[in-house]
Amino acid sequence: MAAAQRIAVVGAGAAGASAVYYAQAELQARDLGPADIHVFERSNRVGGRAHSGSVVYNNQTLHFEQGASMFIGKNQQLLDMAIKFDLSLCSHPCTFAHTNDVSMGANLASRLGAYGVWDPRENKWVVRMGSGPFLDSVRMLWRYRGTGDLSYVRRRTQAAVDEFMQSYDDFSNHTAGIFSTWDEYLENKPLLRTSLYYHAAEFYLSPSERIRRRFLDEVVSLATRVNYMQDVDRISALGAHISMAAESDTAYSVAGGNWQIFANMINSAPAHLHLNTTVREIQRSSADSDRPYALTVLSATGEEITEHFDLVIIATPLPLAGIQVLDEQHDKLVAADYVHMYVTFAIGIIRDDLFPAGRDLPRLIVTPYHTTEPFNCLSILACLTQQDLQRCRDGPVLVKIFSHAPLDLSQVFSSVEWHHEQQWHSYPHLEPRNAGFVSDDSEESGAFHLDRKSPPPIVLDQAGPTAGVFYVNGMETLFSTMESQTVAARHVVRLALFGKG
């Protein structure tokens, strides 16, 4: 009997767990024996940027997502996995780890919940929703001169989502949809492809789109700042489409943490999981090895080990991983600039002079575009004196705050009982391909020169006798979500296992 194919997967986040699970599933679907899969994860946990936490307050456990926090109803693979593994879903945020009744409503305002755009320089609400569905609808009609802009952006968003969902159709056919570059992936997706070449502001304000500037600055910008910490004149139009999709569909979290999806995918595959194990180098094996690739790893015990594999699937962002892959040329090929962000969770009482007086606070508070102080956005996850998200002004609250720099808690709270800070290189700067140089101000956040016209390659070992080193996370330079990483991984393992045919 032939030895099982030996596969190394680097990273145990959404992409790595999906690569493991779908590799075994694709082999089983073709009546092929399971592979011998080894997953190498340098941290002590599964999930990658899906990382959950909790705090006990007044004898009640409060849950929060430190990283990737939600997925939407159209994310078929994540929903399928949650159902398959009998995980409980709740409407985001899942603070109390059980099904809740956060209303998603029928229009944009109610889907966002109570939200406000707050200008800290003048301490005023630029726009504020949360007075109830009827009043919010009237306010939106008046402020944006009807529903034309909203309807048009929704149609654009839905068209982009529909093109992405073609990926699921590919998976139903053993031979369909296998490609070797992300540009090939985009060939039959004209809106996704075109949207990569324009800033969101440039795209939506163009004569063919004619979206009003106020709607762009207050609604689309809110979505891009919350989802990607990027402004509409920096982020690609595709990034804006994906951001608006997250704000126009039911948002779910897994009770107890989204990481459970990925832990179950690895456990059920099956695979050998090596935590606290750092991959240092990926090279071609010497001639005396019967497997073509050698991985040098630093084990959990501090021992340097070299193991040999038939295939290597890299499912972690290479610009952040510090792995030497084949030769130094790959560093430039996979280069991407990731957003460095701070996520602060705190229990405390919000300063009574921070926001305009006289009104209850919205659930989600976002600062205007090009504003980074004191934060990008603040989400009230729970009022801890009463379960009413609209009345959080006077008592202790659990909040989640995104910022580009460490948060000065005294700017936000009059008193703090507990806090926790998490730093991430969370997702790439989603600059359009023709962005060029963003700013002459080197100190301005996000200023960099994009000199790569195509996404990073999928196949890294182009020079060898066989293609055997594959990279999943290049798709993140198009857009980045948990679901897109599962889809990217499934596409890549199909190419790795079966070729283009």
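I sorted the lining of the largest cavity by class and got five nonpolar, nine polar and two charged residues. I counted Ala, Val, Leu, Ile, Met, Phe, Trp, Tyr, Cys and Pro as nonpolar, Asp, Glu, Lys and Arg as charged, and the others, Gly among them, as polar.

The model is predicted, so local features need pLDDT of at least 70 and side-chain atom pairs pLDDT 80 or more, while totals for chains, interfaces and linings use all residues. Residues are numbered from 1 along each chain as its sequence is written, and side-chain values use heavy atoms, without hydrogens or water.

I found one cavity of 30 Å³ or more. A cavity is a set of points on a 1 Å grid over the protein atoms alone where a 1.4 Å probe fits but cannot get out, and lining residues have an atom within 4 Å of a point. The largest cavity holds about 130 Å³, the volume being the space filled by probe spheres set on the points. Of its 16 lining residues, His-63, Phe-64, Glu-65, Cys-94 and Thr-95 lie nearest the centre. β4 gives the most to this lining, with three residues; strands are DSSP runs of E, at least two residues, and helices of H or I, at least four.

I then checked helix α2 (residues 76-84) against helix α14 (residues 482-498): they pack at about 90°, axes 8 Å apart. Axes are lines fitted to C-alpha atoms over the stretch in contact, with angles from 0 to 180 degrees between N-to-C directions. I therefore noted α2 as roughly perpendicular to α14 (65 to 115 degrees). Gln-76, Gln-77 and Leu-78 of α2 are in contact with α14 (heavy atoms within 4.5 Å).

Notes. On a 1 Å grid over the protein atoms alone, a cavity is a set of points where a 1.4 Å probe fits but cannot get out, and a pocket is an open set with protein on both sides within 12 Å along at least five of seven lines; lining residues have an atom within 4 Å of a point. Angles under 35 degrees count as roughly parallel, over 145 as roughly antiparallel, 65 to 115 as roughly perpendicular and the rest as oblique.
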